[in-house]
Amino acid sequence: MTENERIKEIRQHFKMTGEEFGTRLGITRGALSNIENGNRSVTPQIRKAICREFGVDYIWLTQGHGEMFFDDDDEDDGFGLMVDEILADEPESVRNAFKMFKKKYTREDWKMLFRLIARSATYLQELQEEAEKEVSESDTEEED
């Protein structure tokens with residue numbers, strides 16, 4: 001089954017018309033029809049909207065692996081969208097690998113990782129500000 005066919009399956013699962021489903025995604029019925037029939041490729045924005053609006057598992061949508069929906073006990077914490085945002089410049093396969101790791105680690109493991117990332121980002125920002133300050137001071141001394 002293709003990604004386009006899985007999108008149609010999602011719409012049918014919710015017993016929605018093309019117009020209703022498209023409206024939730026911010027696209028027209030015609031655009032949705034073209035996607036479902038394979039005449040139009042699925043954009044990253046449409047993928048994100050489907051996963052967000054309908055609780056669809058990103059890996060299932062894009063690759064057909066796993067279950068259509070997140071487990072009932074797996075609350076929507078925005079993890080997939082966060083990974084997409086953080087790794088936006090990386091290949092989709094890298095982003096998907098991180099998403100598959102989610103189920104391998106506990107929530108505490110992920111919180112610890114994100115705290116580490118946040119601290120590292122803060123530290124890098126401080127280093128950048130120091131470097132900019134040194135350049136600014138150097139420029140001021142040269143002017144004197």
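Rings of Phe, Tyr and Trp (its six-membered ring) pair if their centres lie within 6.5 Å; planes under 30 degrees apart count as stacked, over 60 as edge-to-face and the rest as tilted. By that rule, ring pairs join Phe14, Phe21, Phe54 and Phe69 into a cluster.

This is a predicted model: local features need pLDDT of at least 70, side-chain atom pairs count only at pLDDT 80 or more, and totals for chains, interfaces and linings use all residues. Residues are numbered from 1 along each chain as its sequence is written, and side-chain values use heavy atoms, without hydrogens and water.

The chain has eight helices and zero strands (DSSP runs numbered from the N terminus: H or I of at least four residues, E of at least two). Its C-alpha trace spans about 70 × 35 × 25 Å along the principal axes.

The structure holds three aromatic pairs. Two of them are detailed here.

| Pair | Centres | Planes | Class |
|---|---|---|---|
| Phe14 and Phe69 | 5.8 Å | 85° | edge-to-face |
| Phe21 and Phe54 | 4.7 Å | 15° | stacked |

Phe14 lies in the loop between α1 (3–13) and α2 (18–25), and Phe69 in the loop between α5 (58–63) and α6 (79–86), 55 residues apart. Phe21 in helix α2 and Phe54 in helix α4 (residues 44–54) are 33 residues apart.

Burial uses relative accessible area: buried is under 20%, exposed over 50%, partly exposed in between (1.4 Å probe, protein chains only). Phe21 is buried at 0%. Phe54 is buried at 7%. Phe14 is partly exposed at 34%, and Phe69 is partly exposed at 24%.
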